[in-house]
Amino acid sequence: MKYGGDIIVKIVTPINNIKEVHELIKEGAGEFYFGYLDPDWMQYYGAYSGNRRENYLANFIDISSVKEVSQLLASQGIEGAITFNDRYTDSQYSLLKEILHKIEEAGITNVIVADIGLIQMIRKWAFSFNIHVSTGGGVMNHSAVKFYLDHGAKRIIFPRQLTIEEMNQMTLMFSGVEFEVFGMYGRDPYIDAFCRFHHGINSVIPGLGSCGCIRLNNSAIMNKEDDAISNGNPYRCLNSLNVDGCAACALYGLDRAKINYIKIVGRGSKTERKVKAVRMIKKSLEELENFKTYSDYEKHCKKIFKENFNVSCIKNNCYFNI
Amino acid sequence: MTYAKYINSFEDLDKLEKKISMVYIGNDFCDRIKWDFSDILKLYHKTTHRGLKLGLKTPFITESTIEYFQDLMKNIANASINIEVVINDFGLLDYIEKNGYLKTIQITMGRLLCRQKTDKMTKDLKGKVSDTVYQHFCTPVALANSYSELIRKYHITAFEFENIDCEVYFPKVDFEYRIVLTYPYVSVGSTRLCPYIEKQNEVLGIWDCNYECKNKKLYIKEDLCGEYVYINNTIAYKNERLELNGSLKEIDCILDEIWR
């Protein structure tokens, strides 16, 4: 989709069922990503999905539905990617290889990978997947971009905690590389690549409570000197936001000629929530070229935000500070 | 077994216990905290004079500071000094390799790239998930044959593990390695939305700092897991029990950290 001039920006949208695809395309989704939980994987690993999202709610669970969605996307000329964004140990690799074969046969051409070990093995096994380096790959500088390109990456998904300036600087140094940035939902105080909490398993095991990072966000930060609460709790706000992360107005500062994939978070979310996110980003992009100042564009985005989510935008929603 | 100590300053050198034969400086988590090359060189001469080895921790590195760390590696390599560099960023590792500095720089893969699941609740998963899943969570990801090519290409000779509060599984791999165990702090998450910096206009973001973390110690008491501390921009818990599934024999070096 062209948003002003000749710049093409695609909204990369999560799905967990085929029914929502048409509606999301209609709203402006330009690419899709999703998880696949293979029955053989579940036999060994049960509740642990291996892609950082809880089992049935966030994943496709049979290969025929993966094939069906792959065919549907191909008929629309739209790309789809499957997430393999966890870290894997040796005992899992034979099963991973079988699953990769299955999804390749189902027509999937793109995979989102966080673990350099799996990237190496995908190349060694001679799969022809396009590799999108997940935010879990932790690509925070141009040398890290080179590192992953040398290992066969086609796309880099930037970590959430880079500044607009840093991302623009990095992309300037490369041509022919796809760059993706977070656009909506899922803002987290901890950097994904270095997070060592359990994700995608706690909530399905009684007694474990929510993920560690969410529990920490809700706890007050204290000063050791006097045991007084220090600096409020900077992260608690993230848990209480209806829209936990939005980069709509930050699109103004982004070099869209280089960073032209905008990601929506939430594989397990309801369709309605995904639709609102796609609509928000699409509407923001459509008008962008008409604004001469960031301040005017910010006001415009705030208006769309209010119309779309029925709440006012607050600064702690912001993925990126301008 | 080598006993190593993390130090913050030259003065700390005079406080070392006799068993310490190596010191580490630098920072694994925050790329704003830097040592000048001239100070590293001075410290290198002091440690060498005292018969101590020197290790330099480097953090995950953003585009804003990559040039500084690249220059630092260039200076270290050109000075031909025998320093172990702990790498926590694939970009810096790649830069070292591409510039031929692996001939002089000895590489340890840092705790952030080794990617142990350090979640304090890992031990609580035992019996609640299958043995296969539990063993997976207790296995350091970098100890895998899928990493062989990487380990060889970048001449990685050691891995930095953390003193996690559960068992550790050491799978058989087709490469040689040493283990440096950081003790007693175990990191679980890092952020650039630094908790030490006052929010600007109440907004959570990546703001400039005045190294507030040097003068203030922050901690969290959490209902399920007890106390966590902030080490600069990183949240960690303290585990003073050296257990590691009775596998202390696997450890080549214990690195005693301070709450810095």
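Is Lys102(A) buried, partly exposed or exposed? Lys102(A) has a relative accessibility of 26%, so Lys102(A) counts as partly exposed. Here buried stands for under 20% relative accessible area, exposed for over 50%, and partly exposed for what lies in between (1.4 Å probe, protein chains only).

This is a predicted model, in which local features need pLDDT of at least 70, side-chain atom pairs count only at pLDDT 80 or more, and totals for chains, interfaces and linings use all residues. Residues are numbered from 1 along each chain as its sequence is written, chains are lettered from A and ligands numbered from 1 in the order in which they are written, and side-chain values use heavy atoms, with hydrogens and water left out.

**Salt bridges**

A salt bridge is a side-chain nitrogen of Lys or Arg within 4 Å of a carboxyl oxygen of Asp or Glu. By this rule there are 39 salt bridges over all chains. Four of them are set out below.

| Lys | Asp | N to O distance |
|---|---|---|
| Lys102(A) | Asp40(A) | 3.3 Å |
| Lys15(B) | Asp12(B) | 3.2 Å |
| Lys57(B) | Asp28(B) | 2.6 Å |
| Lys98(B) | Asp150(A) | 2.5 Å |

Lys102(A) forms its salt bridge with Asp40(A). Lys102(A) lies in helix α5 (residues 93-105) of chain A and Asp40(A) in helix α2 of chain A, so the pair ties together parts 62 residues apart in sequence. Helices (H or I, at least four residues) and strands (E, at least two) are DSSP runs, numbered from the N terminus. Asp40(A) is partly exposed, at 28%.

In the pair of Lys15(B) and Asp12(B), Lys15(B) is exposed at 63% relative accessibility, whereas Asp12(B) is buried at 15%.

Lys57(B) and Asp28(B) form a salt bridge and both are buried. These two belong to a network of salt bridges that also includes Arg196(A), Arg111(B), Glu160(B), Glu162(B) and Glu257(B).

**Where the chains meet**

The contact (heavy atoms within 4.5 Å) takes 71 residues from chain A and 78 residues from chain B. Between them the chains bury about 6400 Å², 56% of it on carbon and sulfur atoms. Buried area is the accessible area (1.4 Å probe) that two parts lose on being put together, summed over both. There are 5 salt bridges between chain A and chain B, and Lys98(B) with Asp150(A) is a salt bridge joining the two chains.

Strand β9(A) runs antiparallel to strand β9 (residues 218-222) of chain B, with 3 bridges joining them; strands pair if DSSP finds at least two bridges between them. In this pairing Met222(A) stands opposite Tyr219(B).

**Inside chain B**

Strand β8 (residues 185-190) of chain B has 6 of its 6 residues buried, so the strand is largely enclosed by the rest of the structure. Its antiparallel partner is strand β11 (residues 234-238) of chain B, joined to β8(B) by 5 bridges. Gly189(B) stands opposite Ile235(B) in β11(B).

Helix α3 (residues 90-98) of chain B is mostly covered, with 7 of its 9 residues buried. Among them are Phe90(B), Leu92(B) and Tyr95(B).

Thr58(B) sits in the loop between β3 (53-57) and α2 (66-79) of chain B. Its relative accessibility is 0%, so Thr58(B) counts as buried. Beyond its neighbours within four places in sequence, Thr58(B) is in contact with residues including Asp28(B), Phe69(B) and Leu92(B).
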